[in-house]
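User: I have a two-chain file open and want a quick tour. Can you walk me through it?

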Amino acid sequence: MLDEQINCVIPDNVDLIEIPVIRSKKISFVRAKERVKVKDKYYNYLRSMLIMVGEELITTNFADTVVLLAEIQKFDRGNKQNKYTEIERHKGDVNLKLNLTLGYIYISASESLAIFNMHKYSLQGISLVRIIDDEFVLTAESIATYLNKNKMLNKQG
Amino acid sequence: MSIIFYISGISLIIIIALIWRVFHITAIKNMKKKFLDEEIEANRKMIIEPLEVKKKEVFYKLNVYMVRLNLYSKSSFSSYEMKNLYQNMVIDTYWLNEPFHSDFSRILQFIGVNNLWIKDPKSREIITNIRDRNNKINKQILMNVLDLGEVINGVVTEVYSNLNKRLFYNKYEMQDRILAAAIYVLIKAEEIEFVCKILKIEYTNEEGLRHNLVGRFYENLSTEKKDEITQNGFFNSSFIISIYEEVLFNSNQYPYTFSTTEASKCTVTLLPYRSEKQLMNI
């Protein structure tokens, strides 16, 4: 496991899946799950968790996704130190503005609840033991090879 | 008395039943044998005896003697695909006539040294934000990419095989169409603006760019042929475009990261040293 982190090599028993969360705004999670077989029994471990909006990976790090999910969960109780989002009030409604490199999107209150619930559902049956010590150190090249291996760089639909 | 008749009657019935049973079993065995024999005979009819085929006279090229030719050394091509293309298109076909030989090898040398690429029409572009240890965020674009060397290898061999089927083309006419196909693929490279900067060529529109590149690479061609290569018709052979689109959908995809800074884009090197022909044994 140490060799993986030094060489940034991703092993074969890890699958990368794109989990759609809010389809109308193209918000989705990218989850890396490791499968280990011990005596005719499979164990699942989480190795990294990213957030993708449209055609942009906003976070490439597990710590960053936790920060973004916390900002989404707190919603209108956040302040100006928010890193990814801004609170905007328009005709009595409160919305969360998420900045992208090209443009921005708005997240409503019910959608923020849905994102947080979906995060809980996506971790069912997966252990979080290895996420702190053995998280993938992802570079741009390793993400590109990883996405190409799972055929996620092809156009869909 | 009645008991004796009763017992004897029952025993007679049992004996008759046993005898009938024995005859029945033997009859079934005979039937099975008949079916088996019929099946074996049917299988025998399926097998065919070996045919007697006679030899035919066929023309076969056999080069027994060593020949000394004026060729470019293969180390100047630097990538194995360009070496294979030079072997297939120039040496095996024995096209050593002068304007074609040096002009075609010059464009192969240029592509072999530089790792040019084409954007894959099927891929999508994903932007990533990656954080350093110094808390700086690098923005990079991920996409699938095709190698230009592989594409030009596929297009040229396909054009050559397509021209070989049509018997009414001359040797020199085929060479002109292959040169046109090589220039058509080179223009489609994604880094063509940086190629133009380093070769000191003006980049205006596609036809003007093609005219300038032809002047740079194919120096010894006559002006009439240069004009025909630069036109959109390509000697009235529009199948080059359809072959190019066909090759794009069947070539290998490679993952590539594309940063927005200009320093990473400018990887194009100059034309390699003008390598001279050498006498070689083949």
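Analyst: Here is a short walk through the chains, their contact and the core.

Analyst: This is a predicted model, where local features need pLDDT of at least 70, side-chain atom pairs count only at pLDDT 80 or more, and totals for chains, interfaces and linings use all residues. Residues are numbered from 1 along each chain as its sequence is written, and chains are lettered from A and ligands numbered from 1 in the order in which they are written.

User: OK. How many helices and strands does chain A have?

Analyst: Five helices and seven strands. Both are DSSP runs numbered from the N terminus: helices are H or I with at least four residues, strands are E with at least two. Along the sequence the pattern reads α-β-β-β-β-α-β-β-β-α-α-α.

User: What box do its C-alpha atoms fill?

Analyst: Roughly 60 × 30 × 30 Å along the principal axes, for chain A. Of its 157 residues, 22% count as buried. Buried means 20 or more other C-beta atoms within 10 Å of the residue's own; exposed means 12 or fewer, and partly exposed is in between, with C-beta atoms placed from the backbone.

User: Which strands make up the open sheet in chain A?

Analyst: Three strands, in the order β5-β6-β7, with antiparallel pairing. Two strands pair if DSSP finds at least two bridges between them. β5 (85-90) and β7 of chain A are at the edges with a single partner strand each, so one side of each has no neighbour in the sheet. The twist averages 35° from one strand to the next.

User: Switching to the interface. How many residues are in contact?

Analyst: 19 residues of chain B and 18 residues of chain A. Contact means C-beta atoms, placed from the backbone, within 7 Å. On the chain B side, β3 (126-131), β4 (137-147) and β5 (254-259) each supply at least two residues. β3(B) gives the most, with six.

User: Which strand of chain A is joined to β3(B)?

Analyst: β4 (residues 56-59) of chain A, running parallel to β3(B), with two bridges. E56(A) stands opposite I127(B).

User: Where are the domains of chain B?

Analyst: Domain 1 is 1-53 and domain 2 is 72-269. The bounds come from an automatic or database domain assignment. Their C-alpha centres lie 81 Å apart.

User: Last one. Which residues have the most contacts inside the largest nonpolar core?

Analyst: V155(B), A181(B) and V185(B), in a core of 60 residues. Such a core is a set of buried Ala, Val, Leu, Ile, Met, Phe, Trp, Tyr and Cys residues joined through C-beta atoms within 7 Å. Helix α5 (residues 171-187) of chain B gives the most to this core, with seven residues.

Definitions and conventions:
Two residues are in contact if their C-beta atoms, placed from the backbone, lie within 7 Å. Axes are lines fitted to C-alpha atoms, for helices over the stretch in contact, and angles run from 0 to 180 degrees between N-to-C directions.
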